[in-house]
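Hi,

Here is the structure I promised to pass on. Have a look at it first, and then read my notes below.

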Amino acid sequence: MDTIRAAALAVCGLATSFCTNAQGTTAIGDALSNVAPPPHSKPLGRRAVSAGGQQSTYMTSATPEGVISFYKQLLPAAGWTVTDSDDESGKEDANLQAINDRQYLALNAIRPTGKTYVKVCIWPSKPSNDRCD
């Protein structure tokens, strides 16, 4: 957990984004605390999702591909393995999936109006419906 906490705090300092809850914890309810928010982001909310998961939503000035690139660097340093991503340059949306032991993370970034909206979901294990929307 110290590695996750150190990586999250380092990213928070570098990203100059909203990051007040980067302390590690093992409870799934606080699993999102182990994943830093997107760079230059504003939190829009947090809620429970199906199958015991949690979702955080953010708005950022970063592009969808920039968000995915950020998480491709951040997640492995925090013990996650990126299993799939779709981040073609110039697209309005991008996605990423990752695992950490049994935990499953799905991320969607969409830019419909000049700002990117990012949804990050974490479940205790991969759910049958892993859509994070």
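Start at G79: just after helix α2, this glycine takes a positive phi of about 95°. Keep in mind that everything here comes from a predicted model.

Helix α2 covers residues 64–77, and at 1.5 Å a residue its 14 residues should span 20 Å. The C-alpha atoms at its ends are 21 Å apart, which agrees. Several of its residues are buried: P64, V67, I68, F70, Y71, L74 and L75. For the spacing in that list, remember that an α-helix has 3.6 residues a turn, so residues three or four places apart point the same way.

What does α2 pack on? The sheet: the helix touches β2, β3, β4 (93–100), β5 and β6. The direction of α2 makes about 15° with that of β4.

Now the sheet itself. It is open, has six strands and pairs them antiparallel, in the order β1-β2-β6-β5-β4-β3. The edges are β1 (41–49) and β3 (81–86), each of which pairs on one side only. Neighbouring strands are turned by 15° against each other on average, if you ignore direction. Between β5 (residues 103–110) and β6 there are seven bridges, with the two strands running antiparallel.

Stepping back to the whole chain, you'll find two helices and six strands. Read from the N terminus, the elements go α-β-β-α-β-β-β-β. Of the 133 residues, 44% are buried. Take the contacts between residues at least 6 apart in sequence: 45% of them join residues at least 24 apart. The accessible surface comes to about 6,600 Å², and carbon and sulfur atoms account for 50% of that.

Then there's the disulfide. The structure holds one, formed by C121 and C132 with their sulfur atoms 2.0 Å apart. The torsion about the S-S bond is about 80°, so this disulfide is right-handed. It links distant parts of the chain: C121 sits in strand β6 (residues 116–123) and C132 in the segment after β6, eleven residues apart. Both C121 and C132 are buried.

T57 is in strand β2 (residues 53–60). Is T57 buried or exposed? Its relative accessibility is 14%, so T57 counts as buried, given that the cut-off for buried is under 20%. Leaving aside residues up to four places away in sequence, T57 touches K42, P43, L44, G45, V118 and K119.

E88 is the other one, placed in the loop between β3 and β4. Its relative accessibility is 52%, so E88 counts as exposed, the cut-off for that being over 50%.

Cheers

Technical notes: Residues are numbered from 1 along each chain as its sequence is written. This is a predicted model: local features need pLDDT of at least 70, side-chain atom pairs count only at pLDDT 80 or more; totals for chains, interfaces and linings use all residues. Side-chain values use heavy atoms; hydrogens and water are left out. Helices (H or I, at least four residues) and strands (E, at least two) are DSSP runs, numbered from the N terminus. Buried means under 20% relative accessible area, exposed over 50%, partly exposed in between (1.4 Å probe, protein chains only). Contact means heavy atoms within 4.5 Å. A disulfide is a pair of cysteine sulfur atoms within 2.5 Å. Accessible areas come from the Shrake-Rupley method with a 1.4 Å probe; for residues, only the protein chains shown count as cover. The expected span of a helix is 1.5 Å times one less than its number of residues. Two strands pair if DSSP finds at least two bridges between them. Axes are lines fitted to C-alpha atoms, for helices over the stretch in contact, and angles run from 0 to 180 degrees between N-to-C directions.
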